Amino acid sequence: MSDGFKNNRAIHAFFGGTFDPIHYGHLRPVEALAQEVGLQRITLLPNHVPPHRPQPEANAQQRLHMVELAIENNPLLSVDERELHRTTPSYTIDTLEELRTERGAERPMAFIIGQDSLLTLHYWHRWQSLLDYCHLLVCGRSGYADRLDTPELERWLEQHRTTDVNALKQQPNGLIYLAHTPLLDISATDIRQRKRNGINCDDLLPENVQRYIEQQGLYL
């Protein structure tokens, strides 16, 4: 995969999710994260069969198209649809292994998660191997705890945590950065419920994504 980077130390970040639908709670924090950390590119990875949550209501192609609409004309954001072509569960570690092979061993790579995902990371498939392939960039989420479940997990976090954004560029993987991104109380679950109840969602997701949802008759 050619990513077009001229600077081998630039961080290429990836952001996974069902995006059912994609909304400002996804978009605005990662744009703020790019400013905070100095990211040149963030690639969105829509899941096909998420192993840790209910299956999406919109199908794979509908969710992909909503992502494409949401990021059009935004040079920071791109989409990688590889997980949508899998028929097996979308384990993050499998995707990171593929991406690391494609990018080589030395170039900095990061995976973006929310605070909610950090708190449950120890339930992910092969979670202790994640940092062998990437850094973790953690965006805050409103209403979630700021400490992990056990002292052992807290020690793991402190062992890998950095507050130095330059450190993320100086090594290819292995660090955790807790970002100071905005806490937006927006969820796809709430948007789907609002749609069913006929409640306005203008301030929650892009207008072109809303139009597509209406055209497709989604979330009724």
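Predicted model: local features only at pLDDT ≥ 70, side-chain atom pairs only at ≥ 80, totals over all residues.

Reader: What volume does the second largest pocket have?

Author: The volume of the second largest pocket is about 210 Å³.

Reader: Which helix gives the largest share of that pocket's lining?

Author: Helix α5 does, with 3 residues. Both α4 and α5 (151-160) supply at least two residues of this lining.

Reader: And how do its lining residues divide into nonpolar, polar and charged?

Author: There are 8 nonpolar, 3 polar and 6 charged residues in the lining of the second largest pocket.

Reader: How much space lies in the largest pocket?

Author: The largest pocket holds about 1100 Å³ of space. Its lining has 46 residues, and the closest to the centre are Gly-17, Arg-53, Asp-116, Ser-117 and Arg-141. The lining divides into 21 nonpolar, 18 polar and 7 charged residues.

Reader: Now the helices. At what angle do α2 and α8 cross?

Author: The axes of α2 (residues 60-71) and α8 (residues 207-216) cross at roughly 155° and come within 8 Å. The two helices are therefore roughly antiparallel to each other.

Reader: Which residues make the contact?

Author: From α2 they are Gln-62, His-65, Met-66, Leu-69 and Ala-70, and from α8 they are Asn-208, Val-209, Tyr-212, Ile-213 and Gln-216. This contact of α2 with α8 comprises 6 nonpolar and 4 polar residues, with no charged ones.

Reader: Is the crossing left-handed or right-handed?

Author: The crossing of α2 past α8 is right-handed.

How values were computed
Residues numbered from 1 in each chain as written. Heavy atoms only, no water. 1 Å grid on protein atoms, 1.4 Å probe; cavity = no way out; pocket = protein on both sides within 12 Å on 5 of 7 lines; lining within 4 Å. Points joined across faces, edges and corners; volume = space filled by probe spheres on them. Nonpolar A, V, L, I, M, F, W, Y, C, P; charged D, E, K, R; others polar. Helix = DSSP H or I, 4+ residues; strand = E, 2+ residues; numbered from the N terminus. Axes fitted to C-alpha atoms, helices over the stretch in contact; angles between N-to-C directions. Parallel < 35°, antiparallel > 145°, perpendicular 65-115°, else oblique. Left-handed = near helix turned anticlockwise from the far one by under 90°. Contact = heavy atoms within 4.5 Å.
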